[in-house]
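Dear colleague,

Please look through it before you turn to the details.

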Amino acid sequence: MASLLVLAPMFAYPVFLMKALCFALFACAFNLLIGYVGLLSFGHALFFGWASYISAHAAKVWGLPPELAILSGAAAAAGLGAIVGALAIRRQGIYFAMITLALAQMMYFFAVQAPFTHGEDGIQAVPRGKLFGLIDLADQTNMYVTVLVIFLGCFLLIYRIINSPFGEVLKAIRENEPRAISLGYRSERYKLVAFVLSATFAGVAGATKALVFQLASLTDVDWPMSGEVILMTLVGGLGTLFGPVAGAFFVVTLENYLTTIGQWVFVVQGVIFVVCVLLFRRGIIGELAQVLRVKL
Amino acid sequence: MFELFGISSQALFGQLLIGLINGSFYALLSLGLAVIFGMLNIINFAHGAQYMLGAFAAYFLLQYAGLGYWWAIVLAPIVVGITGIIIERLFLQWLYKLDHLYGLLLTFGLALIFEGTFRNFFGSSGLPYSVPPALQGGQNLGFMFLPNYRGWVVVFSLAVCLTTWFVIERTKLGSYLRAATENPALVRAFGINVPRMITLTYGFGVALAALAGVMAAPIYNVSPQMGANLIIVVFAVVVIGGMGSIMGAIVTGFIQHGNIHHHGDRAFDTASRPVRKERLACSASPRRAAIRRCAGTARRLPSWSWPHCSSSRRCSPIPSF
């Protein structure tokens, strides 16, 4: 996958690839929660969108270099994740989804009203700056390599988390929570840590996206964005390592090529949702893994 | 004319009325949502879209069949309810044995399809629908001015909610329904067609949403995203009222008063600001008390509480090995 992504800019438009990579990271972060802990958050746009606001604000108003801007976005997302997670993990299933949705909407309205987000306009013309004061990110290739490094780094980190003893406990909680508790694991704490990790990675994705597009806007905090990341993960395959990446590329490509048909994009997305839920619950990668009999 | 806390009664009751009107729609929508969740165990994310379909059905009936508001209020819920039944038969019936989440995702997809299609044909600006002639004008109640149509909305939706509650709590049909949610297998063994009952319940819940849509059409515009704006608040209402609790949904819906999502917020300028603060200050505690009261009744009466609410699952003492 890494070599494919390194060669990709030769064949495709780099900004499009960077967008896809940001969403792929977002979907991977989301998958960490639903695929490995079994918690469906309907408010992940909160972390994605707010991290992009904070990093855009940091880069533009505070004049921080890009690496610190992204870090401050991720830190904001982690903080928000800790608060939302502490409230939400007390409930399971539908209730968990509803609480995260409610809190995300609360923060969405805050983003609409707060002066520094500039409401409908968003934070525009965010400078990309110089990475470590050396590499000029205004250059498209440099930016692409940076995004790629961030994505691969986070992807490997997520891979490591999933395959660590900690990840095994998360899977145990997903499969049978009362049993995990009876074995002496404090499931609430594990769930909270997983939630914060997922929020942080979502924040990294959002912060990076703000620098790539030089824009942080309301679209990224609104609840359809939460729906979109669920779609990506579902299409790719819940609980598979490569699924969210494949799903994100699929959905972003689809949106890119279907922009000419206007509002039908929503209809197409809806149809994909329905078809996936009814026929391909394992998703693209999940089905592939089933056919090849390997774990992906 | 009198004054309360230094605010004219016109402004105060005007605000309260807007809250009550919103409350009527919240109550109707969350009632449908609660009934569907109770019986099908599915969070119907398409509920807002079906509310929108109801308003559009009324609009179509007027434009293409020349049938006015009174026809629409009967026909639109039936038509949209039938589409709901088709949806249940085609899609939802395959999901009952799976996790809740798939129902939510599927109905979310359906909502995207409906809203996308209508936005494609009708844009997002909204279409006008006029108040029926019989309900135009208003009453001067001395302390405030009440438009007839808004009075009608409050009274009619309250009547529908109470009728639904009565049917579920006090009739034979309602007792079958409650029994089927407790233990479908046993009820089937008694010779009652539970799958058909589930289908009809979904149709009924959807019809309630469409009814709310028809009633909303003359107040708000008929627009494709009218449901998307409302659905989040309705979820909040259902959760506050207690998932699957019918009375909870009705009471919370009416109490909600648009405290969270006030349509009138920006329409009123400085004059309304003290009013709102005042209202927030004095409504906070009684409102919470009312919710507690209604949650209390839901606990006391064994009637309409669902077996799969989170508390019962969380409290099960024996872990499943």
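The mean pLDDT of chain A is 88, and 100% of its residues reach 70 or more, although within that chain confidence is lowest in helix H1 of chain A (residues 2–7), where the mean is 74, and highest in helix H9 of chain A (residues 187–213), where it is 93. Where pLDDT is low, the predicted coordinates should not be read in detail.

Chain B has a secondary structure of twelve helices and four strands, and of its 321 residues 43% are buried. Among the contacts in chain B with a separation of 6 or more, 79% are between residues 24 or more positions apart.

B:Ala249 lies in helix H10 of chain B (residues 246–255), and it counts as buried because 34 other C-beta atoms lie within 10 Å, where 20 or more are required. Although B:Ala249 and B:Cys161 are 88 residues apart in sequence, their C-alpha atoms are 9.5 Å apart in space.

Between the chains, 31 residues of chain A are in contact with 27 residues of chain B. On the chain A side, helices H5 (93–113), H8 (177–182), H10 (223–236) and H12 (264–278) of chain A are the elements that give two or more residues, and H12(A) gives the most, with ten. The residues of that side divide into 19 nonpolar, ten polar and two charged.

With kind regards

Technical notes
Residues numbered from 1 in each chain as written. Chains lettered and ligands numbered in written order. Predicted model: local features only at pLDDT ≥ 70, side-chain atom pairs only at ≥ 80, totals over all residues. pLDDT = per-residue confidence, 0-100. Buried ≥ 20, exposed ≤ 12 C-beta atoms within 10 Å, placed from the backbone. Contact = placed C-beta atoms within 7 Å. Nonpolar A, V, L, I, M, F, W, Y, C, P; charged D, E, K, R; others polar.
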